[in-house]
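Visitor: I would like to learn how to read a few features of a model. Please take them one at a time.

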Amino acid sequence: LGYRTTATTEPEHALELLSQPSMQFQVVITDLMMPKMSGLELAQKISQSLPDLPVIVCTGWSERITRDQIRENGVCAVLSKPVRGNRIAETIRQVLEQNR
């Protein structure tokens, strides 16, 4: 899609990368279910330290996440798995346009 990406499998490492001034991120995409920290917890931590950084959560358990949880944790969008390439591209574009 032409985006430059940085990937990590550890939520704590993601937070560490986001805190580095030399790193510049425009959007975070995370999974809802992860070891050590849920995607909602990660989104909440990101929204506390970087409130303008949009977070997209991917989940195969959409019934486990409510609109209130989405708003309370600073999530901009939720994608249901399996995520198709065009759907993720549309969502990224929408989130980036909303946060200009």
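Visitor: Which residues in helix 1 and helix 2 meet?

Guide: This is a predicted model, where local features need pLDDT of at least 70, side-chain atom pairs count only at pLDDT 80 or more, and totals for chains, interfaces and linings use all residues. Residues are numbered from 1 along each chain as its sequence is written, and side-chain values use heavy atoms, leaving out hydrogens and water. Pro11, Leu15 and Leu18 in helix 1 meet Leu42, Lys45 and Ile46 in helix 2, contact being heavy atoms within 4.5 Å. The residues of this contact divide into five nonpolar, no polar and one charged. Here Ala, Val, Leu, Ile, Met, Phe, Trp, Tyr, Cys and Pro count as nonpolar, Asp, Glu, Lys and Arg as charged, and the others, Gly among them, as polar. Helices (H or I, at least four residues) and strands (E, at least two) are DSSP runs, numbered from the N terminus.

Visitor: At what angle do the axes of helix 1 and helix 2 cross?

Guide: Two packed helices are described by the angle between their axes and the distance between the axes. In this model the axes come within 11 Å and cross at roughly 15°. Axes are lines fitted to C-alpha atoms, for helices over the stretch in contact, and angles run from 0 to 180 degrees between N-to-C directions. Helix 1 and helix 2 are therefore roughly parallel, a term for angles under 35 degrees.

Visitor: Which peptide bond is cis?

Guide: The bond joining lysine 81 and proline 82 is cis, with omega about -5°. Proline 82 is in the loop between strand 3 (75–80) and helix 4.

Visitor: Which residue has a positive phi although it is not a glycine?

Guide: Lysine 36 does, at about 80°. Lysine 36 is found in the loop between strand 1 and helix 2.

Technical notes: Parallel < 35°, antiparallel > 145°, perpendicular 65-115°, else oblique.
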